Amino acid sequence: MACSTRNWACPHPPKPRQFLPQPASSLDLSPEVRHRAVEYTDHARELGIDNGCNPAGVAAACLELASNHAGEHVLQCELAENADVSTATLRKHRDALEEVL
């Protein structure tokens with residue numbers, strides 16, 4: 001059902017932050033990585049990078065950047081699989097985030 005400004009309230013799109021726990025847990029990422037990823041999703045939200053197009057992809061990108069910055073390298077294909085996104089989607093969002101972080 002499409003949203004209309006007349007009588008229906010549009011639900012809020014999911015936030016990337018909501019998509020962090022599952023892949024982080026599946027990949028056994030450290031609390032430091034999880035904390036950094038939350039910070040990155042918040043930063044992405046402030047900058048409008050998480051515009052609702054693919055919140056799981058943004059979350060996966062935040063996890064990849066956070067793990068790289070913490071020295072806990074995760075294979076991109078494993079991260080994408082656990083986040084249920086393609087590697088191309090993950091890279092697209094990672095590249096956008098890298099420009100501003």
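**View A. Glu-64, Arg-94, Asp-95 and Glu-98 join in a network of salt bridges.** A salt bridge here is a side-chain nitrogen of Lys or Arg within 4 Å of a carboxyl oxygen of Asp or Glu. The whole structure holds 6 salt bridges by this test. The model is predicted: local features need pLDDT of at least 70, side-chain atom pairs count only at pLDDT 80 or more, and totals for chains, interfaces and linings use all residues. Residues are numbered from 1 along each chain as its sequence is written, and side-chain values use heavy atoms, with hydrogens and water left out.

**View B. The chain as a whole contains 5 helices and 0 strands.** Helices (H or I, at least four residues) and strands (E, at least two) are DSSP runs, numbered from the N terminus. The order of elements from the N terminus is α-α-α-α-α. Of the 101 residues in the chain, 39% are buried. Buried means under 20% relative accessible area, exposed means over 50%, and partly exposed lies in between (1.4 Å probe, protein chains only). The chain exposes about 6,200 Å², and carbon and sulfur atoms supply 50% of that area. Accessible areas come from the Shrake-Rupley method with a 1.4 Å probe; for residues, only the protein chains shown count as cover. Contact means heavy atoms within 4.5 Å. Take the contacts in the chain between residues at least 6 apart in sequence: 71% of them join residues at least 24 apart.

**View C. Arg-17 and Asp-42 form a salt bridge, N to O, at 3.4 Å.** Arg-17 sits in the segment before helix H1 (21-26) and Asp-42 in helix H2 (residues 31-47), so the pair ties together parts that are 25 residues apart in sequence. Arg-17 is partly exposed, at 43% relative accessible area. Asp-42 is also partly exposed, at 31%.

**View D. Glu-32 and Arg-36 pair within helix H2.** Their salt bridge has its closest N and O atoms 3.1 Å apart. The two residues are 4 apart, about one turn of the helix. Glu-32 is partly exposed, with 40% relative accessibility. Arg-36 is partly exposed at 24%.

**View E. Arg-45 meets Asp-50 in a salt bridge.** The closest N and O atoms are 2.7 Å apart. Asp-50 is buried, at 9%.

View F. Just after H2, Gly-48 takes a positive phi of about 80°.

**View G. Val-33, Ala-37, Tyr-40, Thr-41 and Ala-44 are the buried residues shown in H2.** These residues cover an arc of only 100° around the axis, which puts them on the same side of H2. The arc is that of the directions from the helix axis to the C-beta atoms. Which elements cover the buried residues of H2? The cover includes H3 and helix H5 (87-100). On the other side of H2, Pro-31 and Glu-46 are exposed.

**View H. Asn-51 lies in the loop between H2 and helix H3 (55-69).** Asn-51 is exposed, with a relative accessible area of 58%. Asn-51 and Pro-13 are 38 residues apart in sequence. In space, their C-alpha atoms are 8.9 Å apart.

**View I. Ser-67 belongs to helix H3.** Is Ser-67 buried or exposed? Ser-67 is buried, with a relative accessible area of 0%. Leaving out residues up to four places away in sequence, Ser-67 touches Val-33, Glu-72, His-73 and Val-74. Val-33 is one of the buried residues of H2.

View J. A disulfide is a covalent bond between the sulfur atoms of two cysteines. Cys-62 is buried, at 0% relative accessible area. Cys-77 is partly exposed, at 47% relative accessibility.
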